[in-house]
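Hi there,

Here is the structure I promised to pass on to you. Have a look through it, and then read on for my notes.

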Amino acid sequence: MPALALNLGLLAAGVLALGAACLLGSTPLDAHRVLAAFLGQASVADAIVVLEIRLPRALAAFAAGAALGASGAALQGLLRNPLAEPGVLGVSATASLFATVALYYGLAAAGAFVVPVAAIAGALAATALLALAALRIRSIVTLILVGVGLSSFAAAVMSLLLNLAPNPFTLADMINWLLGSVANRSFDDLGLALPFIGAGIGVLYVGRRGLGILTLGEEAAAGAGLDLARQRLTVVLGAGLATGASVGLAGAIGFVGIVAPHLVRPLVAHDPAQSVVPSALLAGLVLVLADIAVRLLPTTNELKLGVVAALLGAPVFAWIAVRRRTLE
Amino acid sequence: MTVLRAEGVTVVAGQKALVRGASVSVSGGELVAVLGPNGAGKTTLLRALAGLIAPDAGTVTLDGMPVRALRAAARARRVAYLPQERPLAWPSPVRDVVALGRYAYGAAPGRLGAEDAAAVAEAIDACDLAPLAHRPTDTLSGGEIARVHIARALAARTALLLADEPVAALDPRHQLRVAGQIRRYVEAGGGALIVMHDIELAARIADRLVFLRNGAIVADGPAANILTADLVARVYDVCATVTVESRGIDVRIEGVL
């Protein structure tokens with residue numbers, strides 16, 4: 001079964017990348033000391049570097065990527081367009097906006113859960129809005145443009161908040177959401193995000209078969225026995241939860257949700273149903289590798305993961321758009 | 001035998017009645033062709049029969065049960081529907097598209113049970129698609145794609161088939177091939193109701209013709225009984241001659257009325 005082999009291969013590569021993320025960094029550690037840290041036999045300093053700094057950071061990159069990859073694959077299946085993705089459709093931007101509003105008004109002081117929950121609420125609001133628009137708008141391209149509009153609007157409001165930021169600390173916090181980063185993430189942050197990311201990917205996994213039949217178009221899919229309303233709700237809920245929690249954890253990281261499904265699709269015979277899991281695994285892997293690169297690059301300020309993802313992903317987005325052969 | 005029946009069906013969109021008071025039925029072993037000018041309400045009638053839209057008046061029943069009361073998958077296991085617009089979002093291999101016909105049985109291209117695989121193989125053979133089975137659909141011609149869609153509908157092994165212009169935009173040879181596939185499905189006990197534009201072809205392959213104009217059914221019966229120059233003139237606003245010949249019915253459109 002090629003899909004299974006693909007998933008296992010990607011999973012193995014992901015585990016290797018997580019291992020590499022624990023090895024590499026500004027403090028040189030060899031494999032022996034990293035292994036010792038995992039086994040509880042390392043020095044306190046080594047244990048802190050590996051278990052409290054590098055591992056949660058790498059896991060955060062993987063989880064955020066997996067959430068975006070699965071959401072991208074599912075949104076592309078639902079909207080039958082390879083350019084659909086949480087970033088392009090404004091889902092990530094709306095989630096960041098809600099998180100930024102929570103930071104701006106100091107709501108984050110109420111508890112660590114406030115920012116992730118705000119991000120999830122923003123993502124769900126955006127996906128629900130898109131799904132409602134999809135009921136009225138027949139053209140997928142128009143729908144994507146609605147998403148682009150949503151994205152621009154969220155970015156505009158965010159710029160306004162930055163403009164009006166009451167103090168430099170709030171400003172720095174908000175810029176973090178804007179740029180996207182997994183630096184300084186702890187297991188506590190992961191603990192808040194993982195249940196939502198897990199639930200979101202789980203919902204998308206359960207609803208993946210309906211994405212396959214949508215290959216035929218909505219009319220034929222409905223005729224072939226798909227409950228369209230339920231399918232839309234499933235993807236809205238799954239992508240909203242996963243993307244929102246991903247933004248809550250790592251800020252807005254664009255394009256990985258486009259690139260991963262695009263690379264995976266030819267390997268699963270272009271079946272959207274079989275793209276969800278490998279897209280999640282590949283996007284997780286890509287972000288772990290990108291985050292290693294961010295940490296190793298000798299720049300004065302550490303580059304933000306979202307910046308690197310956009311620098312690599314945006315040209316790929318344009319390339320996919322240009323090369324797209326449409327069958328419609 | 002499965003019977004799909006519309007009685008007094010009216011479908012309104014805004015101020016306009018797309019279909020008004022239409023009563024029509026299709027059952028196993030018969031091929032019904034629905035004809036009429038553009039905008040006559042053929043597609044809307046078909047969608048109402050398929051249970052995809054709720055009529056504003058009248059009923060659509062499948063073996064006496066309201067078709068909209070059935071769950072989507074349960075309905076799709078008994079009635080296959082082939083819409084007019086058939087966009088394929090991804091360049092999937094032919095076999096996978098045909099396998100999507102098994103959706104209502106809980107199958108998917110990546111996981112087909114023994115019965116699903118048998119139904120897919122049979123549909124591929126019936127439509128002569130075996131040599132193309134692994135080709136991506138974006139490399140096929142229009143005629144080949146049309147056969148893939150028919151195969152997808154046949155793979156569902158439903159008692160009834162509703163198809164909206166399955167032979168439109170095909171060259172004569174492919175029209176006959178696709179029509180032949182639908183005819184064979186009917187000979188094997190299936191019931192088909194298909195929207196067509198070619199009156200002669202419809203008269204040749206269908207057991208019954210149903211003519212729609214402005215949303216209302218104006219004639220329903222075997223071609224030999226109902227197809228006259230007067231009917232063609234009334235339905236299409238064209239001047240025509242209809243001659244019955246040994247090899248079929250000859251319809252000649254002579255001009256606009």
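This is a predicted model: local features need pLDDT of at least 70, side-chain atom pairs count only at pLDDT 80 or more; totals for chains, interfaces and linings use all residues.

Setting aside residues up to four places away in sequence, Ala108(A) touches Ala102(A), Leu103(A), Val114(A) and Val115(A). Val203(A) is 95 residues away along the chain, and its C-alpha atom is separated from that of Ala108(A) by 28 Å.

For a contrast within chain A, turn to Val286(A) in helix α13 (residues 272-296). Val286(A) has 25 other C-beta atoms within 10 Å and is buried. Its contacts, leaving aside neighbours within four places in sequence, are Gly65(A), Val256(A) and Ala260(A). Val259(A) lies 27 residues from Val286(A) in sequence, and their C-alpha atoms are 9.6 Å apart in space.

**Chain A as a whole**

Chain A has 14 helices and zero strands. Its radius of gyration is 19 Å, which agrees with the value near 20 Å that a compact globule of 328 residues would have. The C-alpha atoms fill a box of roughly 65 × 55 × 35 Å along the principal axes. Of the 328 residues in chain A, 55% count as buried. If you take the contacts in chain A between residues at least 6 apart in sequence, 80% of them join residues at least 24 apart.

**Chain B as a whole**

Chain B has nine helices and 12 strands. The radius of gyration of chain B is 18 Å, close to the 18 Å that the globule rule gives for 257 residues, so chain B is as compact as a globular protein of that length. Its C-alpha trace spans about 55 × 40 × 35 Å along the principal axes. Buried residues make up 48% of the 257 residues in chain B. Among contacts in chain B with a separation of 6 or more, 64% come from residues 24 or more positions apart.

**The sheet in chain B**

Chain B contains an open sheet of six strands with mixed pairing, in the order β6-β7-β8-β3-β9-β10. Its edge strands, β6 (79-82) and β10 (216-221), each pair on one side only. On average, neighbouring strands of the sheet are turned by 15° against each other, direction ignored.

Within that order, β3(B) pairs with strands on both sides. Four bridges join β3(B) to β8(B), and the two run parallel; here Val34(B) has Val195(B) as its bridge partner. β3(B) also pairs in the parallel sense with strand β9 (residues 208-213) of chain B, again over four bridges, with Leu209(B) as the bridge partner of Ala33(B). β3(B) is mostly covered, with five of its five residues buried. Leu31(B), Ala33(B) and Leu35(B) point one way from the strand, while Val32(B) and Val34(B) point the other way.

Strand β7 (residues 160-164) of chain B runs parallel to strand β8 (residues 191-195) of chain B, and five bridges join them. In this pair, Leu160(B) stands opposite Gly191(B). Helix α6 (residues 172-187) of chain B lies across β3, β7 and β8, and runs at about 150° to β8(B).

**A buried helix**

Helix α1 (residues 42-49) of chain B is also worth a look. Eight of its eight residues are buried, so this helix is largely enclosed by the rest of the structure. The buried residues include Lys42(B) and Arg47(B), as well as Leu45(B) and Leu46(B). After α1(B) comes Gly51(B), whose phi is positive, near 80°.

**Where the chains meet**

The contact between the chains takes 26 residues from chain B and 26 residues from chain A. On the chain B side, helix α2 (residues 72-76) gives the largest share, four residues. By class, that side of chain B has 18 nonpolar, three polar and five charged residues.

Best wishes

Technical notes: Residues are numbered from 1 along each chain as its sequence is written. Chains are lettered from A and ligands numbered from 1 in the order in which they are written. Two residues are in contact if their C-beta atoms, placed from the backbone, lie within 7 Å. Ala, Val, Leu, Ile, Met, Phe, Trp, Tyr, Cys and Pro count as nonpolar, Asp, Glu, Lys and Arg as charged, and the others, Gly among them, as polar. Two strands pair if DSSP finds at least two bridges between them. Axes are lines fitted to C-alpha atoms, for helices over the stretch in contact, and angles run from 0 to 180 degrees between N-to-C directions. The radius of gyration is taken over C-alpha atoms; the globule rule is 2.2 Å times the number of residues to the power 0.38. A residue is buried if 20 or more other C-beta atoms lie within 10 Å of its own, exposed if 12 or fewer, and partly exposed in between; C-beta atoms are placed from the backbone.
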